[in-house]
Amino acid sequence: MTTLLALDIGGTKVGWGIVEAGDTYEVTERGSIPTDAMRGGADVASRICDLASSLVASHPAVSGVAVASAGVVDPATGDIVSATGTMPGWGGTPLGALLQEATGLTVRVLNDVHAHGLGEATLGAGQPYRAVLSIAVGTGIGGALVEDRQVSFGSRGIAGHVGHIHHHFAPDMTCSCGRKGHIESFCSGSGITAWYDSLRSSSDPEVDGGRALQELAQSGNALAAACFTRSAFALGEATASLVNCVDPAAVILSGSMTRSGDIWWDALREGFAASAMTPVANTPILVGSLGGDAPLLGAVSFFLHA
């Protein structure tokens, strides 16, 4: 049995778990602190190192630190190569080296969405399959292709940026990356809300998030329902395009948008059916089973099997 400290560093919070890894993986303790990302990357890194040092000191059985982090990660060094404006100054942070210095332990760092996908593929809904395409649809959209327990990183570590696929529904919508026409701009939780707000008339109520928009759609608001249907259909088409290209044995969808009810799921499956080539048309589309533990467990899997 190996005991590891796992960290999940996001723009809103830094989650942590003590994970016992053997034939099975179990998160035996967990907690979180606010990221306070706007205080800057150096401040965030300092507080994460303090957290890790404290947890390692209070859990002497911990023998390593497994990290899932927002940003483009160099998995060989643990450096944060780049990051978006949601975490100012996070890009360029030598996170692995800082944590190793703070704890005195071996540290391995993986991008958070890659870790999420690896967790689901190896320990969650994807366990029966050799090759899995994982897509996380929440505030943003990300993904990972996992084959034989290994994440495909690409040549620059950015493979899996599913949200930045172009779609003809969104030629004038600005994505979080600054480009126009990407599916994240209207298929993510933040994107679909912004899309609705840009289209609504004075007779359509304001909404403050994806859940409120879902409730509005379910209550019969035509514009809200149309936004859900069109965005989910587009995501289904984009997913089919990826499946046509990489031929996974299964697709796993996770994140807050997967809890959007039948209106979303029916449209997504219709979009997938419309674009999937015949040989891959029956590829199962599954719902993630690990919830918030997926990136913690994926980071541990990477630590042990990279």
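This is a predicted model: local features need pLDDT of at least 70, side-chain atom pairs count only at pLDDT 80 or more; totals for chains, interfaces and linings use all residues.
How many residues lie between strand 8 and strand 9 in the hairpin they form? There are three.

Strand 8 covers residues 131-137, and strand 9 takes in residues 141-147. The two pair in the antiparallel sense, with seven bridges between them.

Strand 11, residues 250-254, runs parallel to strand 8 and is joined to it by five bridges.

Now check how covered strand 8 is. Seven of its seven residues are buried, and that goes for both faces. On one side sit Ala131, Leu133, Ile135 and Val137, while Val132, Ser134 and Ala136 are on the other.

Let's move on to a pair of helices. Helix 3 (residues 112-123) packs against helix 9 (residues 294-305) at an angle of about 85°, and their axes are 7 Å apart. Angles of 65 to 115 degrees count as roughly perpendicular, so that is how helix 3 and helix 9 are arranged.

Who meets whom here? From helix 3 come Asp112, Ala115, His116, Leu118, Gly119, Glu120, Thr122 and Leu123, and they meet Ala294, Pro295, Leu297, Gly298, Ala299, Ser301 and Phe302 of helix 9. The residues of this contact divide into eight nonpolar, five polar and two charged.

Note on methods: Residues are numbered from 1 along each chain as its sequence is written. Side-chain values use heavy atoms; hydrogens and water are left out. Buried means under 20% relative accessible area, exposed over 50%, partly exposed in between (1.4 Å probe, protein chains only). Helices (H or I, at least four residues) and strands (E, at least two) are DSSP runs, numbered from the N terminus. Two strands pair if DSSP finds at least two bridges between them. Axes are lines fitted to C-alpha atoms, for helices over the stretch in contact, and angles run from 0 to 180 degrees between N-to-C directions. Angles under 35 degrees count as roughly parallel, over 145 as roughly antiparallel, 65 to 115 as roughly perpendicular and the rest as oblique. Contact means heavy atoms within 4.5 Å. Ala, Val, Leu, Ile, Met, Phe, Trp, Tyr, Cys and Pro count as nonpolar, Asp, Glu, Lys and Arg as charged, and the others, Gly among them, as polar.
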